[in-house]
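Good morning, colleagues. I would ask you to keep the sequence and the structure in view while I speak.

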Amino acid sequence: MTDSPPTAQLEANKQLVRRIPEEIFAEGDLDLLDELYAEDAVERNAMGTHRGRPAIRESYNSFLTAFPDVSQTVENIVAEGDLVAVRITSRGTHTGELGGIGPTGTEIEVQQMFFARIEDGVIAERWFLPDNLSLLQQLGVIDFPPT
């Protein structure tokens, strides 16, 4: 059985979106944003809404500055229509400032998810949902109640 065009398009969308964790973050290559994102793309994450490639680049750079050795493993990826959903595990060492939190030298491992909407072969929108509670706990900024 051969792939029908919709299946081929879904696979292409998944491959496009995988490049964020597997190339941009793994290699720190922010120039790939120009290839992967629409010029007027919108990125929504815990730090706010970022409109356009320059603002998205700044957001990505901020995270890469805080965790320059970050690696991200794609755990699950699902595509339907123009949406791709991804669950990743991020690992890295906190050696730079992150949202006003000075470097702790702490190694972190957090789960993150995002949805990306693809339009004309590039990312038009992305909704990034990090587990900031776990991240802040691992950095020693907050403490969970005793169990």
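This is a predicted model: local features need pLDDT of at least 70, side-chain atom pairs count only at pLDDT 80 or more; totals for chains, interfaces and linings use all residues.

Let me begin with Val 70, whose place is in the loop between α3 and β3. Residues are numbered from 1 along each chain as its sequence is written, and side-chain values use heavy atoms, with hydrogens and water left out.

Is Val 70 buried or exposed? Val 70 is buried, at a relative accessible area of 4%. Buried means under 20% relative accessible area, exposed over 50%, and partly exposed in between, with a 1.4 Å probe and protein chains only. Leaving aside residues up to four places away in sequence, Val 70 touches Phe 25, Ala 26, Phe 63, Leu 64, Ser 90, Arg 91 and Gly 92; contact means heavy atoms within 4.5 Å. Val 70 and Leu 98 lie 28 residues apart in sequence, and their C-alpha atoms are 13 Å apart in space.

Next comes Gln 72, which has its place in strand β3. Gln 72 is buried as well, with a relative accessible area of 11%. What does the side chain of Gln 72 make a polar contact with? The partner is the side chain of Ser 90, at 3.0 Å. A polar contact is a pair of N or O atoms within 3.5 Å; within protein, one must be able to donate a hydrogen and the other to accept it, and residues adjacent in sequence count only if both atoms are side-chain atoms. With residues up to four places away in sequence not counted, the residues that Gln 72 touches are Pro 21, Phe 25, Ile 88, Thr 89, Ser 90 and Gln 112.

**The sheet**

I turn now to the sheet. Six strands form an open sheet with mixed pairing, in the order β2-β1-β6-β5-β4-β3. Two strands pair if DSSP finds at least two bridges between them. At the edges are β2 (48-51) and β3 (71-80), each of which pairs on one side only. From one strand to the next, the twist averages 15 degrees. For such angles, axes are lines fitted to C-alpha atoms, for helices over the stretch in contact, and angles run from 0 to 180 degrees between N-to-C directions.

Strands of a sheet pair through backbone hydrogen bonds, either parallel or antiparallel. In the parallel sense, β1 (residues 37-45) pairs with β6 (residues 122-130) over four bridges. Tyr 37 has Ile 123 as its bridge partner in β6. In the antiparallel sense, β1 pairs with β2 over four bridges, and a hairpin of two residues joins β1 to β2. The bridge partner of Arg 44 in β2 is Thr 49.

With 14 residues, α3 reaches 20 Å from its first C-alpha to its last, close to the expected 20 Å at 1.5 Å a residue; the expected span is 1.5 Å times one less than the number of residues. Buried residues in α3 are Ile 56, Ser 59, Tyr 60, Phe 63, Leu 64 and Ala 66.

A salt bridge is a side-chain nitrogen of Lys or Arg within 4 Å of a carboxyl oxygen of Asp or Glu. By this rule the count is 12.

Asp 31 forms a salt bridge with Arg 57, with the closest N and O atoms 3.4 Å apart. This pair links distant parts of the chain, 26 residues apart: Asp 31 is in the loop between α1 and α2 (33-36), and Arg 57 is in helix α3. Asp 31 is exposed at 54% relative accessible area, whereas Arg 57 is partly exposed at 26%.

Arg 53 and Asp 34 also meet through their side chains in a salt bridge, at 3.9 Å from N to O. Arg 53 in helix α3 and Asp 34 in helix α2 are 19 residues apart. Both count as partly exposed, Arg 53 at 21% and Asp 34 at 42%. Through shared partners, salt bridges join Asp 31, Asp 34, Arg 53 and Arg 57 into one network.
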